[in-house]
Amino acid sequence: MASITLRSGGREVESPAASDPLAALLDSWQYESGDGPCLSALEDGSVRLSDDLRAETRWPHWSPRASEADVVSVLSLRLATPERVLGSLNMYARQTHVFTDDSVDIGLFRVECGVRRRVRRR
């Protein structure tokens, strides 16, 4: 399952699109707690990957809630143009070790293509 987090003015974030209601809920828990992979990816641009959220320590408020909802893997990638940060692409899974190096590479490629297309349309 996947979602998009967008930053709308200032530091406000929202999830305008999600493939599953649980993905939207996982995002909202991050916004409430102020920690989580989509917020981390959005802030510094690093790829955020966790193969097993049950053992994750980077997001102490969000990870336990996600694991209790039976989501145990996450991959978050920042969405940005050269001018500004737009948000993040978030992918969630109910199995451990779902996201491979290829998943990360393909995700980064897709994000880059989408951003380039958006910039060209202006």
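Me: In which sense do β3 and strand β4 (residues 73-80) pair, and over how many bridges?

Reply: Two strands count as paired if DSSP finds at least two bridges between them, and here β3 and β4 pair in the antiparallel sense over three bridges. Strands (E, at least two residues) and helices (H or I, at least four) are DSSP runs, numbered from the N terminus. Please keep in mind that this is a predicted model, in which local features need pLDDT of at least 70 and side-chain atom pairs count only at pLDDT 80 or more, while totals for chains, interfaces and linings use all residues. Residues are numbered from 1 along each chain as its sequence is written, and side-chain values use heavy atoms, with hydrogens and water left out.

Me: What is the order of the strands in the open sheet, and which are the edge strands?

Reply: The sheet has five strands in the order β2-β1-β5-β4-β3, with antiparallel pairing. At its edges are β2 (13-18) and β3 (48-50), each of which pairs on one side only. Direction ignored, neighbouring strands of this sheet are turned by 20° against each other on average, where the axes are lines fitted to C-alpha atoms (for helices over the stretch in contact) and angles in general run from 0 to 180 degrees between N-to-C directions. Helix α2 packs on the sheet and touches β1, β2, β3, β4 and β5 (85-93), its direction making about 30° with that of β4; contact here means heavy atoms within 4.5 Å.

Me: How many of the eight residues of α2 are buried?

Reply: Burial is read from relative accessible area: buried means under 20%, exposed over 50%, and partly exposed in between (1.4 Å probe, protein chains only). By that reading α2 is mostly covered, with six of its eight residues buried, namely Pro37, Cys38, Leu39, Ser40, Ala41 and Leu42. Glu43, by contrast, counts as partly exposed because its relative accessibility is 42%, and Asp44 counts as partly exposed at 44%. Just after the helix, Gly45 takes a positive phi of about 85°.

Me: With which residues do Glu43 and Asp44 form salt bridges?

Reply: Side chains of opposite charge can pair when their charged atoms come close. The criterion for a salt bridge is a side-chain nitrogen of Lys or Arg within 4 Å of a carboxyl oxygen of Asp or Glu, and a search of the whole structure finds six. Glu43 forms one with Arg7, the closest N and O atoms being 2.6 Å apart, and this pair links distant parts of the chain, since Glu43 is in helix α2 (residues 37-44) and Arg7 in strand β1 (residues 2-7), 36 residues apart. Asp44 pairs with Arg48, with 2.8 Å between the closest N and O atoms. Arg48 is buried, its relative accessible area being 14%, and its bridge partner in β4 is Ser76.

Me: Which residues make up the largest nonpolar core?

Reply: In soluble globular proteins, nonpolar side chains tend to be buried together. A nonpolar core is a set of buried Ala, Val, Leu, Ile, Met, Phe, Trp, Tyr and Cys residues joined through side-chain atoms within 4.5 Å. The largest here has eleven residues: Leu22, Ala23, Leu26, Trp29, Leu53, Trp59, Trp62, Ala66, Val71, Val74 and Tyr92. The elements giving two or more residues to this core are α1 (21-33) and α3 (62-68), and α1 gives the most, with four. Leaving aside neighbours within four places in sequence, Ala66 is in contact with Leu26, Trp29, Leu53 and Val71. Apart from this core lies another, of ten residues, among them Leu75, Leu89, Phe99 and Val104.
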